[in-house]
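User: I would like to learn how to read the features of a structure like this one. Please give the general idea each time, then the case at hand.

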Amino acid sequence: MHALPRPAWLIGALALLLAGCGGRYRAVSDTPVTIGRPYVVRGVSYVPAAAPDYDMLGRASWYGGESGNRTARGEKFRPGWITAAHATLPLPSYVEVTSLDTGRVIVVRVNDRGPFARGRIIDLSKGAAQALGLRDSGHGAVRVRVVEPPERDRERLRHGKPAAPRPDADPTALAFWRAQLAASGM
């Protein structure tokens, strides 16, 4: 049996096609949801887990210089989108983030791991920090709680658009959360 000669352009095209397969980003999707294995960063152990009742007060920071990098989910990091990094929540997760400084409330899609700085509970994309009014300061006090937003909000966040606006936090609740955070020493 004789092999048929292949045109050089066809072989070159196939080689380019196959070479590009390894560098592709994963499409932005909510499936599959992954929890992941325990891991260690700078001597600190993190154990990802489902946490439907997650509701924490702490400090947030934001990141944006990593534009173009992959998130822990394999998606392209886009600093202007409303996304975040969390050390242990399933990927993706949706959280409501309330700035205790501005009172603004937004829904954020968690698709990355971090932050790994002491005392921080969430790392926001530049877009999320801007929406909360935290971009100029670089960090701030926040409340983060897991939510199950409607599909239209999930769809908007998966396409880089903010979820439907939420009302600002009640001043009485903000004062209570600030006092709790101060009492915890953060």
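User: Is A129 buried or exposed?

Analyst: The class comes from relative accessible area: buried means under 20%, exposed over 50%, and partly exposed in between, with a 1.4 Å probe and protein chains only. A129 has 0% relative accessibility, so A129 counts as buried. This is a predicted model, in which local features need pLDDT of at least 70, side-chain atom pairs count only at pLDDT 80 or more, and totals for chains, interfaces and linings use all residues. Residues are numbered from 1 along each chain as its sequence is written, and side-chain values use heavy atoms, with hydrogens and water left out.

User: Which strands does β8 pair with?

Analyst: Two strands pair if DSSP finds at least two bridges between them. Strand β3 (residues 55-63) is joined to β8 by seven bridges, and the two run antiparallel. Here S61 stands opposite H139 of β8. Strand β5 (residues 93-99) also runs antiparallel to β8, with five bridges between them. V95 has V146 in β8 as its bridge partner.

User: How many residues of β8 are buried?

Analyst: As a general point, side chains in a regular strand alternate between the two faces of the sheet. In β8 (residues 139-146), six of the eight residues are buried, and the strand is mostly covered.

User: How many aromatic pairs are there?

Analyst: Rings of Phe, Tyr and Trp (its six-membered ring) pair if their centres lie within 6.5 Å; planes under 30 degrees apart count as stacked, over 60 as edge-to-face and the rest as tilted. The search of the whole structure finds four such pairs. One of them is the stacked pair of Y39 and Y46, at 5.2 Å centre to centre and 25 degrees between the planes. Y39 counts as buried because its relative accessibility is 18%, and Y46 counts as buried at 14%.

User: Which parts does the pair of Y39 and F116 tie together?

Analyst: Y39 and F116 form an edge-to-face pair, 6.1 Å centre to centre with 90 degrees between the planes. Y39 lies in strand β1 (residues 39-41) and F116 in the loop between β6 (105-112) and β7, so the pair ties together parts 77 residues apart in sequence. F116 has a relative accessible area of 25%, so F116 is partly exposed. Y39, Y46 and F116 form one aromatic cluster.

User: What sits over the ring of W81?

Analyst: A charge sits over a ring if NZ of Lys or CZ of Arg is within 6 Å of the ring centre and within 35 degrees of the ring normal. Over the ring of W81 is the charged end of R78, 4.5 Å from the ring centre.

User: How many cavities of 30 Å³ or more are found, and what is the volume of the largest pocket?

Analyst: On a 1 Å grid over the protein atoms alone, a cavity is a set of points where a 1.4 Å probe fits but cannot get out, and a pocket is an open set with protein on both sides within 12 Å along at least five of seven lines; lining residues have an atom within 4 Å of a point. Grid points are joined across faces, edges and corners, and a volume is the space filled by probe spheres set on the points. One cavity of 30 Å³ or more is found. The largest cavity holds about 40 Å³, and its lining includes R78 and W81. The largest pocket has a volume of about 260 Å³. It is lined by 18 residues, and the closest to its centre are Y46, A87, P115, A117 and R120. β2 gives the most to this lining, with three residues.

Notes:
Helix = DSSP H or I, 4+ residues; strand = E, 2+ residues; numbered from the N terminus.
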